[in-house]
Amino acid sequence: LSYNIVQRLTKEERIKAIQCYYETLNATQTARLIANDFNRPELRRQSIVELVKKFEDTGSVADQLRCGRPSTAQSTEFQARLSAHALPQEAISTRRLAHQLSADGETVSHMTVQRALKNISLHVYRPVLLNALYEDDHDRSSANYFRG
């Protein structure tokens with residue numbers, strides 16, 4: 001649980017926490033100093049201890065690289081390509097946009113396109129079927145429904 005709090009510290013806050021800890025050698029006092037300096041809720045002592053242990057093990061306060069397939073929707077180059085395709089066309093479905101992007105080389109699913117559009121604050125186009133109504137439509141439809 002405390003790891004999540006440490007993870008939410010900015011890099012600047014983490015560096016300051018390490019510096020404060022080595023000056024005071026007291027995790028509780030370090031937590032109070034960080035809370036006062038950065039105007040945030042006080043951290044748990046255990047969070048500071050884990051941050052210091054991580055710093056001593058790795059020599060860095062940065063998060064470790066995670067394994068697994070990286071998200072394509074998050075990459076800036078993909079979002080730039082998506083913007084180049086999506087912005088000129090006002091109404092285009094995510095499937096059609098994915099097909100156009102796939103023609104450029106790599107295969108892209110429509111869900112990846114949808115996530116990336118959400119990241120760049122564009123709304124998904126949903127085609128809606130509209131039936132045109134004419135003046136004499138009411139006469140024909142009422143004749144079918146109100147027979148005695």
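Guide: Let's start with helix 7, whose buried residues pack against helix 5 (76-86) and helix 6 (94-102). Packing here rests on contact, meaning heavy atoms within 4.5 Å. Bear in mind that this is a predicted model, where local features need pLDDT of at least 70, side-chain atom pairs count only at pLDDT 80 or more, and totals for chains, interfaces and linings use all residues. Residues are numbered from 1 along each chain as its sequence is written, and side-chain values use heavy atoms, with hydrogens and water left out.

Visitor: Which residues of helix 7 are called buried?

Guide: Thr112, Val113, Ala116 and Leu117, in a helix that runs over residues 110-119. Buried means under 20% relative accessible area (exposed is over 50%, partly exposed in between; 1.4 Å probe, protein chains only), so these four fall under that 20% cut-off.

Visitor: What puts them on the same side of helix 7?

Guide: They cover an arc of only 135° around the axis, so they share one side of helix 7. The arc is taken from the directions from the helix axis to the C-beta atoms. In general, an α-helix has 3.6 residues a turn, so residues three or four places apart point the same way.

Visitor: And why is the crossing of helix 5 and helix 6 called right-handed?

Guide: A crossing gets that name if the near helix is turned clockwise from the far one by less than a right angle, and left-handed if anticlockwise; helix 5 and helix 6 make a right-handed one. They pack at an angle of about 115°, with their axes 11 Å apart. Axes are lines fitted to C-alpha atoms, for helices over the stretch in contact, and angles run from 0 to 180 degrees between N-to-C directions. On helix 5 the contact is made by Phe78, Arg81, Leu82, His85 and Ala86, and on helix 6 by Leu97, Gln100 and Leu101.

Visitor: What makes a set of residues a nonpolar core?

Guide: They must be buried Ala, Val, Leu, Ile, Met, Phe, Trp, Tyr or Cys, joined through side-chain atoms within 4.5 Å. The largest such core has 13 residues, and Leu43 and Ile48 touch the most other members. Helix 2 (11-24), helix 3 (27-38) and helix 4 (45-58) each supply at least two residues of this core, with helix 2 giving the most, four. Another core, of eleven residues, lies apart from it and includes Leu82, Leu97, Leu101 and Val113.
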